[in-house]
Amino acid sequence: MNLTLENLRKILELEQARGYSDRAVAGGLDRLLRNLTPTDNRLAKLLTQNYSSLDITSRREWVNGILKELEPAKPQPPPQPQPIISRPKLRPVQVTDKNAQFPESPITSIKGISSALAGKFSRLGVKTVRDLLYFFPRRHLDYSHRKLISQLEVGTEQTIVANIWEATAKYGAHGRRATEAIVGDESGNIRVIWFNQPYLAKRLPTNSRVVISGRVGLFRGKKVFEAPEWELLESDDLIHTGRLVPVYPLTAGLFPRQVRKLVKGTLDRWLPELPDFLPEQLIEKTGLLTLPDAIGQAHFPDSEPDKDGARRRLAFDELFLIQLGVLSKKRDWQEGQKGNAFTVDGGCLEPFFNSLPYKLTAAQRRAFAEIHSDLSKSKPMSRLLQGEVGSGKTVVATAAMLLSVANGYQAALMAPTEILAEQHFNTICGLLDKATDAVEGDRPLRSYPAMSPRPIKIGLLIGSLKDSVKREIQERIATSDLDIVIGTHALVQKGVEFKQMGLCVVDEQHRFGVMQRSELRSKGTSPHVLVMSATPIPRTLALTVYGDLDLSILDELPPGRIEIKTKFLSPEQRQRAYDFIRKQITDGRQAFIICPLIEESEAIETKAAITEYERLSQEVFPDLRLGLLHGRLNGIEKEEVMRHFRNGELDILVSTPVVEVGVDVPNATVMLIEGADRFGLAQLHQFRGRVGRGQHQSYCLLLAETASGEARERLSLLERIRNGFKLAEEDLKLRGPGEFFGTRQSGLPDLKMARLSDVELLELARREAIQLFNADPYLRKPEHRLLAKEVGRLWNTEGELS
């Protein structure tokens, strides 16, 4: 038979790859050589060779010698191919009723998605075509670096394009099954193996072209691909290999290749028909990608710059739509209904201010003046009072509530937990106790009959109260027999009706939500709303997340506050921290120990806290009184633990991060934070603010799980910086991508693409939203029709921006 030099070279390379076992061709090389008709003089000497009689060393020398003789001039490596042909940009789509509706079609309308498969996608929140288009990858694997087989490096992600010489199913010891293939290109051959996938052998036909992407390893000294991604080279539009390959979230019954293929098919089918809701003029002005291009490049980017461009457009959309939504809510609250203008002058509060143990700070006076100005208008106030822990927000809010009462209206304060609601009740009652001698009653009802300019009655409404007590408080609220009501979410439940609410104060806004704030407001006739937050947020971020609120900032602490000493500790310094806590307790103080943050599950976090509590109680502080606080306790149990700690019946409170917000124990002087490197700087600052509330020097000990330079550098910022707003700015720079602050808890739409560090994009989105909103506040212009629909969908409203 005739045999070309090229064919013979490939056969000998295969023999080389198989360890000179004489299995490159059926019947062995001798049989092939005996039947060979030389087409080249260099082949003639092969006819006399008895290959099967040689030992392995001789076979290696013979094969390598022939290959060297047959070696053509060394081919130049081809230029690096583009992994995918760049697609032309999609042109803007003419909006029709049909294509305006299709994204809401169920995913069963997509070819290849059965009702059973739809159920699996549903577990990931994907129910419609739109959901799948916006089902963005968690990350991308970079398989775009194509190499020749001879250029492959061990340990890195690489891609080859090769011929399949052979693919067979292998059955090893203990029933282990695999597919093994030998593939080759012009520079050599390599072995590829897929464990537990014997069926792949039938899908990899001999002599077909294949793209292999994955990590190269070593097996018995030879390079090998183990379980790589693969794709037969049938077109230039690759999905699983040779490009930036998307990695999607999965659930039981969904597989990576399956999801990628379905998403790619959906993009190819629907993106050409997807209309863009941003006005064309805005897209040109900002230099953003069109929506179809952005979605396509977010899933299957042609390059890293294209991926970044897609993220920028989609992040802008999220911030822009949120801004339009909150601007419309602010307009609706302030213009859609008339508020109660308070006419009684703030001078009536002088007895209250004079009774305080210190003079108001300049920031407190400025904030109260802004609030007082809002309260004097018939337009309902919507204001955020933002300040450091201990900056005096409660005093300002109490003054505002007293002004409401002086004008004949009720006031409400809603806190996120029962612990904090009761603490507010105690704090406000403590402030009023100093302002008047006459005090009647106790928790949950208290009265100040001699309070100027009129008597004041205060009530506490929380879920753990007896039903009979709750009913009494609800009746007194309905008849206006209570002037100030402090509570939790119980204030927005059925059965609570205010006769004449003038002001509602919401503490720790991000723990509530826009909907709950609206429900509380609905209890009164357009009451004024004051939101308090102890979480320092950079101004740009606050104006976006709380864009429906005007901003007042308390950026200074009252005089006399002793600075909290903060110290970073490496893991081996743990015993020193315990010794220091023991000394403080010997001196009559108390301490917090915060357990590490475990993001996966509150249940796991609780279990870890219980284990740590038992270790500390039995091994470290067996002679001291320890308590445990975690998120799985109910309200009554949490309050009982906190009451014991506040009353000095416990020396150490071991807690999960639930203690972050608001808990006030003046005698506690040590805050030990385990796993401090797991927390953000802003959250660590919140923990630090739980101590230093009394007259004694306080300390915050940051115990890291790792002594890495990165952890040390980040936590050292907390040692140097005391200002929460400056720390928040640093946190913004350091954390980079991540869940946008407060969106999950705040009732704002979830963000998938926006980053905490997108300050420039935040400002751009806010600026463009305000400009468009001022020009067309109800989005009634024809070119804003789709935009109005998108804002309504995001905020669960219909039609125009009502």
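**Helix packing, strand pairing and burial in a predicted model**

Modeller: Helix α14 (residues 393–406) lies across β9 (382–387), β10 (410–414), β13 (456–461), β14 (484–487), β15 (501–507), β16 (528–533) and β17, and runs at about 165 degrees to β15. Residues are numbered from 1 along each chain as its sequence is written. The model is predicted, with local features needing pLDDT of at least 70, side-chain atom pairs counting only at pLDDT 80 or more, and totals for chains, interfaces and linings using all residues; side-chain values use heavy atoms, without hydrogens and water.

Biologist: Which strands does helix α16 touch?

Modeller: Helix α16 (residues 467–478) packs on the sheet and touches β10, β12, β13 and β14, contact meaning heavy atoms within 4.5 Å. The direction of α16 makes about 135 degrees with that of β13.

Biologist: In what order do the strands of the open sheet follow one another?

Modeller: The order of the 9 strands is β11-β12-β13-β14-β10-β15-β16-β9-β17, with mixed pairing. The edge strands are β11 (440–442) and β17 (550–554), since each pairs on one side only.

Biologist: Why are β11 and β12 called paired?

Modeller: Two strands pair if DSSP finds at least two bridges between them; β11 and β12 (residues 445–448) have 3 bridges, in the antiparallel sense, and therefore pair. Asp442 has Leu445 of β12 as its bridge partner.

Biologist: Why is Thr398 called buried?

Modeller: Buried means under 20% relative accessible area, exposed over 50%, and partly exposed in between (1.4 Å probe, protein chains only). Thr398 has a relative accessible area of 1%, so Thr398 is buried. This residue is found in helix α14, and Thr398 touches Phe352, Ile428 and Leu431, not counting residues up to four places away in sequence.

Biologist: Why does His140 count as buried?

Modeller: His140 has 15% relative accessibility and therefore counts as buried. His140 lies in strand β1 (residues 139–142).

Biologist: Which backbone oxygen does the side chain of His140 reach at 3.4 Å?

Modeller: It is that of Ala298. A polar atom of the His140 side chain also lies 2.9 Å from the backbone oxygen of His299.

Technical notes
Helices (H or I, at least four residues) and strands (E, at least two) are DSSP runs, numbered from the N terminus. Axes are lines fitted to C-alpha atoms, for helices over the stretch in contact, and angles run from 0 to 180 degrees between N-to-C directions. A polar contact is a pair of N or O atoms within 3.5 Å; within protein, one must be able to donate a hydrogen and the other to accept it, and residues adjacent in sequence count only if both atoms are side-chain atoms.
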